[in-house]
Amino acid sequence: MTMFIAQCQAELRRLFRNKFYVIWSLCVPIFFYFLYTKIISIPMKNEEAWHIHYLMSMTVFSVMGSSIMSIGMRLVQERAFGWTHYLRVTPLPSSLYFLAKMVSQTLIHVVSIIIIFLVGYVMNDIQLTWSSWIGAACWILVMSLPFLALGLMIGTMKSVDTAAGIANVLYLGLAITGGLWMPVDVFPSLVQKMVHYLPSYQYGSGAWAITTGHYPSLSMMASLIGYFLLFMVVSLYIHKKQEGVA
Amino acid sequence: MDDIVTFSHVSKLYKEQQALQDLSFTLRKGETTAILGGNGAGKTTAISLMLGLMTPTSGEVTLFGHTPNARGVKERLGAMLQDVSVMDGLKVGELLQLFRSYYSAPLSFERLMTLTGLTPNDLKRRVEKLSGGQKRRVNFALALAGNPELLFFDEPTVGMDVTARRLFWQTINALQQQGKTIVFTTHYLQEADEVADRLLLFKQGTLIADGSVATIKGSLALHVISFIPGSGITCSMCAELPTVKDVQEDDGRIILKVENSDRVLQALFEKQWNVNGILVSQGSLDVAFETLTKGEAI
């Protein structure tokens, strides 16, 4: 147990010291939120609703980003540096090593969510019921699973540079097309239809639904769970194949 | 149980190449063993098999009487591997603390610092900011963190400066006194000669010599005979002489490396070859090592 706690502690330290986390998971979403709710006024019928909608978008953007980028990149790097290899010589079981990564990643997400929610509350005086705040936070936390699995899939790649490139394209691509940066209403109608199939759009939709007093629909959950299973199966398959070679 | 590491008829095919062939040996408690060999001789493969990082294609490897991946085995060993960079984003002290948490009876911080030469200042630095030499020290400290009975070092002194090298071997010496079992690989015969009780000499995946340093020296050290050849004496003729392992021509002299200089001289006189200025000298172990591991005997 002490082994596991120490491992989590070390992983948390590393995550918080990572410049990427601080910049992309906190600074960028907060800056965007400030920009689109304070500086650039977007003609909206209901300004308050827009403030809430965009706060959810940015929180989803933040958590999705660190899910895709952190775990996957860490795994590729640690493998490339021989670290994963070296841990096999120690008494630390690899299951604990992965579990510690997952737990510390989740804790980081909790921190991101709290910070960004607080910013919204302070900056635009957002009033939501406790159940909406907590419901949205839980949705964002739990439904990050498909993106963590996508991170694991990227984590099976050999080269650090390729993995970083692909992860960046996926992350920003999913954020923009999923309507996290701007509402999908601005896209042409054909594109809007296609966007509905993206995990990032479904992820955001759940948070938007909760904060407008609805429940996330079954189709949202089904599609996110589907993506989770798909990414898990693919990454496990690649992992098995790689083990066979060594 | 004095047998710490055993290999029985171990072969390993790696990427469709024979990395090790029918290897059998036993390392006993308290022994310091050097695994010597050129590049691609199978040193790192042998270490990887001992550590359970690879599994043998055939044959069996045991550590403390169990398979290398059995529960509790990792608790009793420490290793310093090649091409392992330290985990980034942590301070040296934090990394050591993390590693100490993996073991039930770790060494104290003070002990680790004296053994590896890390300073209190080093402990506060981020591992990614360390120089190559300091990283090796950290790797050394990680290998010792659990106070292991069995230690593995794969090419430990690569990238160490002279001071670090001296300190490293001093520490190894202290660990030997404590009765630890130590296995290390090296390119340098001198290191093996000074530190090890026993040498395992690898060549192309096979064990070509196994014994104490003195025995191997005695049996392997080749003698060198050189002379100025008269007309009609060629290198290929010399290679036909008894016990000749190597023939070279340098600066008008023919240089022979031989196992038995008496018999060669006798043959030279019997054949009444036209040779002048015969010199006989005791070859060094280095010469023997080079001949054995690099060139095929002629």
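Mentor: Let us start with a term: contact means heavy atoms within 4.5 Å. Keep in mind that this is a predicted model.

Trainee: How many residues does the contact take from chain B and from chain A?
Mentor: Chain B gives 28 residues and chain A gives 21 residues. Together, chain B and chain A bury about 2300 Å², with 63% of that on carbon and sulfur atoms. Leu53(B), Met87(B) and Tyr102(B) supply 28% of the area that chain B buries against chain A, more than any other three residues.

Trainee: What makes Arg14(A) and Asp88(B) a salt bridge?
Mentor: The closest N and O atoms of Arg14(A) and Asp88(B) are 2.9 Å apart. The cut-off is 4 Å between a side-chain nitrogen of Lys or Arg and a carboxyl oxygen of Asp or Glu, so the pair qualifies. Across the interface of chain B and chain A, the rule finds three salt bridges.

Trainee: Why is Asp246(B) called buried?
Mentor: Asp246(B) has a relative accessible area of 16%. Buried means under 20%, so Asp246(B) counts as buried. This residue lies in strand E11 of chain B, residues 244-250.

Trainee: What makes the pairing of the Asp246(B) and Gln248(B) side chains a polar contact?
Mentor: Their side chains make that contact at 3.1 Å, and the limit for a pair of N or O atoms is 3.5 Å. Between chain B and chain A, the count is eight residue pairs in polar contact, both at pLDDT 80 or more.

Methods. Residues numbered from 1 in each chain as written. Chains lettered and ligands numbered in written order. Predicted model: local features only at pLDDT ≥ 70, side-chain atom pairs only at ≥ 80, totals over all residues. Heavy atoms only, no water. Buried area = accessible area lost by both parts, 1.4 Å probe. Polar contact = N/O pair within 3.5 Å; in protein donor to acceptor, adjacent residues only side chain to side chain. Helix = DSSP H or I, 4+ residues; strand = E, 2+ residues; numbered from the N terminus. Buried < 20%, exposed > 50% of the residue type's maximum accessible area, 1.4 Å probe, protein only.
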